[in-house]
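Subject: Structure handover

Hi,

Here is the structure I promised to pass on. Have a look at it first, then read on for what turned up among the side chains.

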Amino acid sequence: MEHFLEPSGAVKHSFIEDCHQLGQLIYWHKQGNYSIQVRQLNQLRWLLINETLQSVIEKRRPARLLFPHLQYLAKLWQDLEEPKKILELGLGGGAIRNYLQHTYPDSQLTSVDKNPDIIHCYKRYFGGDHANNLHCFDAQQVLEQNNEYDWIILDLFSEVDAPLFLYKHQFYTKLRAAMAKDGLLFINFLSNHPSQLKQLEHLLITEFGKRPSIVKIPDYVNHIVMIKK
C-alpha cells in the first residue's frame with residue numbers, strides 16, 4: 001500500500017489517475033449515464049462516481065484522511081474550539097464523517113446526501129456502522145429545518161462541475177441562517193476556472209458581508225473556503 005502514498009500519508013497523483021482500473025471491483029451500480037463503483041486493493045478501498053474518485057479510506061483505519069485537501073481541513077479544525085453540532089452536506093465515501101466521529105465523539109454530527117446508493121455504499125463498505133443522523137435529503141431541504149450548527153461542511157462535488165444551486169444567492173442565505181452565532185462554513189470547492197471561484201467569493205461577500213478565506217491545495221483543483229458568520 002505504501003507505494004500509493006506520499007510521505008504525508010496522502011494518496012499519490014498516480015493512484016488518483018489510475019484508480020478506476022486498479023484493484024478489485026466489489027460494487028457497481030449504473031443508472032442511465034450515472035455509475036457508482038467501489039474498488040479495493042490491499043488495505044485501500046475507494047468510491048468512484050462516473051470514474052471520478054470521490055473518497056478513499058484505509059480499511060483498518062477508516063478515520064484516517066488520505067486526500068491532501070482533507071488533511072488541510074483537519075489542520076484547520078485542530079486549532080478551533082470543539083463544535084457541539086456539525087452538519088455535513090455531501091457524504092461520498094464518508095471519509096470526513098469517519099474522521100469527525102473519531103476526533104469529536106461528543107459532537108452531534110448530521111450527514112446528508114440525496115443519493116440513496118451513496119448512503120448504501122457508505123454503510124456497507126466505508127465504516128458506516130455508526131449510521132445515526134445520516135439522512136437521504138436534498139441539501140437545501142435540511143437547511144430549512146430551523147436547526148443551527150457550529151460547523152457546516154459543504155462537499156457536494158461529484159465531478160468538477162458544481163451543482164447549479166451552489167451559484168445561487170438563495171442557497172447561501174439558507175446556509176447562513178442555519179449557522180449558529182460565530183458558526184463556521186467550510187467549502188471544498190473544485191474549480192478549473194478562476195471565474196467560478198470569483199463567483200463563489202462574490203456570493204459569500206454579499207451574504208456574509210466579509211471576504212472568505214480561500215486556500216488552493218497545491219497541484220489539485222480543490223480550494224478550501226472558510227467563512228465565519
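A quick definition to start with: a residue counts as buried when its relative accessible area is under 20%, and as exposed when that value is over 50%. Keep in mind that this is a predicted model.

**Salt bridges**

There are 6 salt bridges in the structure. One of them joins arginine 60 to glutamate 58, with 2.9 Å between the closest N and O atoms.

Next, look at glutamate 144 and lysine 174, whose closest N and O atoms are 2.6 Å apart in a salt bridge. This one links distant parts of the chain, 30 residues apart: glutamate 144 is in the loop between helix H5 (139-142) and strand E8 (149-154), and lysine 174 is in helix H6 (residues 169-177). Glutamate 144 is partly exposed, with 49% relative accessible area, whereas lysine 174 has 16% and is therefore buried.

Arginine 211 and glutamate 201 make another salt bridge, again with the closest N and O atoms 2.9 Å apart. Here the partners are 10 residues apart, with glutamate 201 in helix H7 (194-208) and arginine 211 in the loop between that helix and strand E10 (213-216). Arginine 211 is exposed at 60%, and glutamate 201 is buried at 12%.

**Aromatic rings**

The model has 11 aromatic pairs. In one, the ring centres of tyrosine 167 and phenylalanine 189 are 6.2 Å apart and the planes meet at 85 degrees, which makes the pair edge-to-face. Tyrosine 167 is in the loop between E8 and H6 and phenylalanine 189 is in strand E9 (residues 179-190), so the pair ties together parts that are 22 residues apart in sequence. Both of these residues, tyrosine 167 and phenylalanine 189, are buried.

Phenylalanine 171 and tyrosine 172 are also edge-to-face, with 5.3 Å from centre to centre and 80 degrees between the planes. Phenylalanine 171 and tyrosine 172 are both buried too.

If you want a cluster to browse, ring pairs link Trp77, Tyr99, Tyr104, Trp151 and Phe186. And which ring does the charged end of lysine 85 sit over? That would be tyrosine 149, with the charged end 5.1 Å from the ring centre.

Cheers

Conventions
Residues are numbered from 1 along each chain as its sequence is written. This is a predicted model: local features need pLDDT of at least 70, side-chain atom pairs count only at pLDDT 80 or more; totals for chains, interfaces and linings use all residues. Side-chain values use heavy atoms; hydrogens and water are left out. A salt bridge is a side-chain nitrogen of Lys or Arg within 4 Å of a carboxyl oxygen of Asp or Glu. Helices (H or I, at least four residues) and strands (E, at least two) are DSSP runs, numbered from the N terminus. Buried means under 20% relative accessible area, exposed over 50%, partly exposed in between (1.4 Å probe, protein chains only). Rings of Phe, Tyr and Trp (its six-membered ring) pair if their centres lie within 6.5 Å; planes under 30 degrees apart count as stacked, over 60 as edge-to-face and the rest as tilted. A charge sits over a ring if NZ of Lys or CZ of Arg is within 6 Å of the ring centre and within 35 degrees of the ring normal.
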